[in-house]
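Here is a protein model to walk through.

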Amino acid sequence: MKFTYSIPTKILFGPGSFNDLATTPLPGKKALVVITAGKSMRANGYLDRLIDMLDKQGIGHALFDKILPNPVLRHVHEGAALAREQGCDFVIGLGGGSSIDSAKSIAVMAKNPGDYWDYISGGSGKGQPLVNGALPIVAIATTAGTGTEADPWTVITKEDTNEKIGFGCAETFPVLSVVDPEMMLTIPAHLTAYQGFDALFHATEGYIANVATPLSDAYALKSIELLAKYLPAAVKDGSDLEARTQVALASTLSGMVESTSCCTSEHGMEHALSAFYPKLPHGAGLIMLSEAYYSFFADKSPERFTAMAKAMGVVTGHLPEAERPMAFVKALVELQKACGVDGLKMSDYGITKEDMAKCAANARHTMGGLFELDPYALSLDETTQIMMNAYK
């Protein structure tokens with residue numbers, strides 16, 4: 001047994017924790033605040049509350065509010081240019097994974113020369129070493145899904161080449177994260193489900209990955225347990241603060257899984273789908289792939305699948321040993337039904353069955369590193385077949 005553990009992020013967690021930011025030391029004197037182009041941060045008053053807390057600490061700010069649900073490269077460069085022009089010495093991501101991921105990438109490019117893609121190691125990226133680190137990052141999560149508040153990862157799409165690729169390094173861990181479930185009460189039911197399943201798959205992929213550690217296993221199994229128990233309640237009644245809190249905890253734990261283990265090829269496949277079809281929500285794409293994906297891998301890692309079934313509350317002792325791994329897949333499908341997302345179809349987003357071979361090849365080209373972490377080495381044909389099996 002040998003592993004390295006490092007999650008250097010201070011996390012303020014729990015209902016009302018956003019208010020604690022007013023008296024928490026921040027890592028600079030002027031922040032670039034990064035939010036999406038949507039209305040929710042303003043409509044819910046979160047942006048005004050943040051600015052008020054910054055003002056009370058004597059901290060200046062500039063605002064970058066162009067981020068898309070699937071963040072794109074051009075906004076990374078625009079945000080970084082604004083940070084430099086305004087003399088910002090740290091970056092705050094306020095919102096969901098897209099805002100926080102973008103804040104991380106902007107923090108990188110505010111301090112480093114060239115093109116962001118110079119530092120990307122997959123696809124057409126040049127894989128150059130990061131010379132100057134990144135500006136300090138503060139993450140304020142208003143969704144429960146990506147876990148990006150507890151990991152170094154950021155995912156950006158290069159639109160002209162349809163490449164959606166992850167990046168992360170020691171400097172892209174947030175120095176401070178706020179996870180306040182009270183800020184999640186207004187998330188619509190369908191988005192609550194999409195985000196919750198994103199968190200679930202961070203945990204399940206991290207658990208079956210060949211780089212899993214005892215610590216990532218503990219985080220993953222607890223995250224799976226919490227989501228199986230509380231996600232349907234959060235979807236059914238968004239004002240259920242207890243359910244929201246437990247789902248938020250599961251999401252943060254799944255981010256810790258991403259810091260101590262890693263995703264597998266399921267995320268690579270979804271990145272390809274939403275690179276070509278950016279209106280596809282990431283969590284929805286993962287849900288669409290999941291039954292076919294986990295059905296394929298169930299007999300490749302039977303003990304781990306049986307453990308995940310148990311974490312979801314399945315009593316497996318009475319089942320024949322050969323059937324226990326698939327008990328997880330059945331429980332997964334039942335959870336999707338309970339959350340009202342079992343009927344999602346790729347075709348509803350304009351995706352065609354003929355796209356599957358193209359997307360499979362793209363996944364392996366752009367996110368090939370994730371395929372190396374699978375418990376079984378997929379061929380291109382097998383990758384394509386999983387995606388074909390998932391197509392509706």
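Helices (H or I, at least four residues) and strands (E, at least two) are DSSP runs, numbered from the N terminus. This is a predicted model, in which local features need pLDDT of at least 70, side-chain atom pairs count only at pLDDT 80 or more, and totals for chains, interfaces and linings use all residues. Residues are numbered from 1 along each chain as its sequence is written, and side-chain values use heavy atoms, with hydrogens and water left out.

Begin with the protein chain. It is divided into domain 1 (10-184) and domain 2 (189-390); these bounds come from an automatic or database domain assignment. UniProt, in an unreviewed entry, lists residues 8-181 as "domain: Alcohol dehydrogenase iron-type/glycerol dehydrogenase GldA". That span is 24% helix and 25% strand. Its end C-alpha atoms lie 22 Å apart. UniProt also lists residues 192-390 as "domain: Fe-containing alcohol dehydrogenase-like C-terminal", again from an unreviewed entry. Such annotations may be inferred rather than shown by experiment. Residues 192-390 are 70% helix and 0% strand. Here too the end C-alpha atoms lie 22 Å apart.

How do the domains meet? Taken over C-alpha atoms, the centres of domain 1 and domain 2 are separated by 25 Å. The contact (heavy atoms within 4.5 Å) takes 28 residues from domain 1 and 30 residues from domain 2. Between them the domains bury about 2,200 Å², 58% of it on carbon and sulfur atoms. Buried area is the accessible area (1.4 Å probe) that two parts lose on being put together, summed over both. In domain 1, A144, N162 and K164 lose the most area to domain 2, together 25% of what that side buries.

On a 1 Å grid over the protein atoms alone, a cavity is a set of points where a 1.4 Å probe fits but cannot get out. A pocket is an open set with protein on both sides within 12 Å along at least five of seven lines. Lining residues have an atom within 4 Å of a point. Grid points are joined across faces, edges and corners, and a volume is the space filled by probe spheres set on the points.

The structure holds one cavity of 30 Å³ or more. The largest cavity has a volume of about 50 Å³. Its lining includes A144, M184 and R244. α5 (189-208) and α7 (241-260) each supply at least two lining residues.

The second largest pocket holds about 190 Å³ of space. Of its 15 lining residues, the closest to its centre are I287, M288, E291, D342 and K392. α9 gives the most to this lining, with five residues.
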